[in-house]
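Please read the following note alongside the structure. It is arranged as numbered points, to be taken in order.

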Amino acid sequence: SGHVAKVPLEFGQRLLDLGEPECVLVGCAHDASGNNVYLEDVIIRAACLAGVLSLQIIDGWDVWVPRTDGSRANNYAVPDKMAQQILMSREAADIDHIHITGYPALDAVTPGVDSAMREAARARYDLSGDRVVAYFGQVNTNNPETLRWTIDALQPDDRLLFQPHPRDERN
């Protein structure tokens with residue numbers, strides 16, 4: 001799968017010993033079983049054992065599952081309320097330790113995240129009174145199904161908006 005798995009705890013402990021960080025920041029490798037040990041997990045476990053604060057960035061709704069060794073970060077950064085609720089339901093942490101930070105690809109159209117940004121985007125695309133359906137995904141010949149499902153679900157007065165990934169420079 002391309003992930004670095006089965007990393008020994010000693011590796012994470014040596015990294016922390018060398019760097020002596022006050023806090024560690026890691027991403028999240030997806031493992032639905034919770035049994036695999038990835039680099040992120042080792043760093044979090046080593047930080048817990050060393051008393052170092054940890055922040056894990058969760059960049060999607062279904063990427064974090066509890067690890068069987070019980071390792072948990074001190075804090076989590078999630079894109080939205082739904083991800084926060086998923087982590088709470090999976091007992092990652094309580095609400096005070098799961099922080100909603102937004103999601104750059106969605107912030108301009110998501111109600112309640114940044115209303116000024118949302119209103120500016122609606123004005124730029126002349127979407128003042130329309131119900132907007134935003135499509136977030138890759139549009140290519142290898143995966144046309146989700147776009148087709150989205151188009152088929154549109155009502156007559158809906159407007160379809162394509163929102164590219166922030167690093168996608170295509171028009």
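The points below go from the whole chain to the sheet, then to its helices and to single residues.

1. Overall make-up. The model under review is predicted. The protein contains five helices and six strands. Along the sequence these elements follow the pattern α-β-α-β-β-α-β-α-β-α-β.

2. Of the 171 residues in the protein, 30% are buried. The accessible surface amounts to about 11,000 Å², and carbon and sulfur atoms contribute 53% of that surface.

3. In what order do the strands of the open sheet lie? The order is E1-E2-E3-E4, and the four strands pair in parallel. Strand E1 (23-26) and strand E4 (98-100) form the edges, each of them pairing on one side only. On average, neighbouring strands of this sheet are turned by 20° against each other, direction ignored.

4. From E1 to E2. Four bridges hold E1 and E2 together in the parallel sense. Leu25 has Leu55 as its bridge partner in E2. Between the two strands the chain passes through H2, and this β-α-β crossover is right-handed.

5. The two faces of E1. In a regular strand, side chains alternate between the two faces of the sheet. Which residues of E1 belong to the covered face, and which to the uncovered one? Val24 and Val26 make up the covered face, whereas Cys23 and Leu25 make up the uncovered face.

6. From E2 to E3. Strand E2 (residues 53-57) pairs with strand E3 (residues 75-78) over three bridges, again in the parallel sense.

7. From E3 to E4. E3 and E4 run parallel and are joined by three bridges. Val78 has Ile100 of E4 opposite it. The chain reaches E4 from E3 by way of H3, and this β-α-β crossover is right-handed.

8. Helix H3 (residues 81-89) lies across E3 and E4, and runs at about 170° to E4.

9. Ser54. This residue is in strand E2. Is Ser54 buried or exposed? Ser54 counts as buried because its relative accessibility is 1%, and the limit for burial is under 20%. Leaving out residues up to four places away in sequence, Ser54 touches Cys23, Val24, Ala47, Arg72, Ala73, Asn74 and Asn75.

10. Asp41. Asp41 belongs to helix H2. With a relative accessible area of 10%, Asp41 is buried. Apart from neighbours within four places in sequence, Asp41 is in contact with Asn36 and Arg67.

11. Lys81. Lys81 is located in helix H3. Its relative accessibility is 44%, and Lys81 therefore counts as partly exposed. Neighbours within four places in sequence aside, Lys81 is in contact with Ile95 and Ile100. Lys81 and His99 are separated by 18 residues in sequence, and their C-alpha atoms are 9.1 Å apart in space.

12. Cysteines. How many disulfides does the structure hold? The number is zero. Cys28 is buried, as its relative accessible area is 16%. Cys48, at 35%, is partly exposed.

Notes: Residues numbered from 1 in each chain as written. Predicted model: local features only at pLDDT ≥ 70, side-chain atom pairs only at ≥ 80, totals over all residues. Heavy atoms only, no water. Disulfide = S-S within 2.5 Å. Buried < 20%, exposed > 50% of the residue type's maximum accessible area, 1.4 Å probe, protein only. Pairing = 2+ DSSP bridges. Axes fitted to C-alpha atoms, helices over the stretch in contact; angles between N-to-C directions. Contact = heavy atoms within 4.5 Å. Areas by Shrake-Rupley, 256 points an atom, 1.4 Å probe, with all protein chains shown as cover. Right-handed = clockwise from strand over helix to strand, strands pointing away.
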